[in-house]
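Me: I have a structure open and would like to go through it with you. Could we begin with the contacts between charged side chains?

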Amino acid sequence: MLFTAEQAAVILQVRPSWLRRKAAARAVPCRFVGKHLRFARVDLEAIAEMSAQQPRKSS
């Protein structure tokens, strides 16, 4: 199943414009079906993993 940028943004809890901008820059995994931008579940998982921040070390 493939998701539109709007659907993927809801799942990732980000703005669709942010997701489209990152996809256009090839900064996040995505797919193009013809001219249409789409995201597979594995793409969303990879984006979420890339965004995960390391816990801060306490002093």
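Reply: In this predicted model, Arg-31 and Asp-43 meet through their side chains in a salt bridge, at 2.7 Å from N to O. The pair links distant parts of the chain, with Arg-31 in strand β2 (residues 31-33) and Asp-43 in helix α3, twelve residues apart.

Me: Is Asp-43 buried or exposed?

Reply: Asp-43 is buried, because its relative accessible area is 5% and buried means under 20%. Arg-31 counts as partly exposed, at 35% relative accessibility.

Me: How many salt bridges does the structure hold?

Reply: There are two salt bridges. Glu-6 forms one with Arg-20, where the closest N and O atoms are 2.1 Å apart. This pair also links distant parts of the chain, since Glu-6 lies in helix α1 and Arg-20 in helix α2, 14 residues apart. Glu-6 is partly exposed, with a relative accessible area of 39%, and Arg-20 is partly exposed at 35%.

Me: Turning to helix α1, which of its residues are buried?

Reply: In α1, which spans residues 5-12, the buried residues are Ala-5, Ala-8, Ala-9 and Leu-12. They cover an arc of only 100° around the axis, so they lie on the same side of α1.

Me: Why would residues three or four places apart point the same way?

Reply: An α-helix has 3.6 residues a turn, and therefore residues at that spacing point the same way.

Me: What covers the buried residues of α1?

Reply: The cover includes β1 (2-3), α2 (16-24), β3 (36-40) and α3 (41-51).

Me: And what follows α1?

Reply: Gln-13 follows α1, and its phi is positive, near 60°.

Definitions and conventions
Residues are numbered from 1 along each chain as its sequence is written. This is a predicted model: local features need pLDDT of at least 70, side-chain atom pairs count only at pLDDT 80 or more; totals for chains, interfaces and linings use all residues. Side-chain values use heavy atoms; hydrogens and water are left out. Buried means under 20% relative accessible area, exposed over 50%, partly exposed in between (1.4 Å probe, protein chains only). Helices (H or I, at least four residues) and strands (E, at least two) are DSSP runs, numbered from the N terminus. The arc is that of the directions from the helix axis to the C-beta atoms. Contact means heavy atoms within 4.5 Å. A salt bridge is a side-chain nitrogen of Lys or Arg within 4 Å of a carboxyl oxygen of Asp or Glu.
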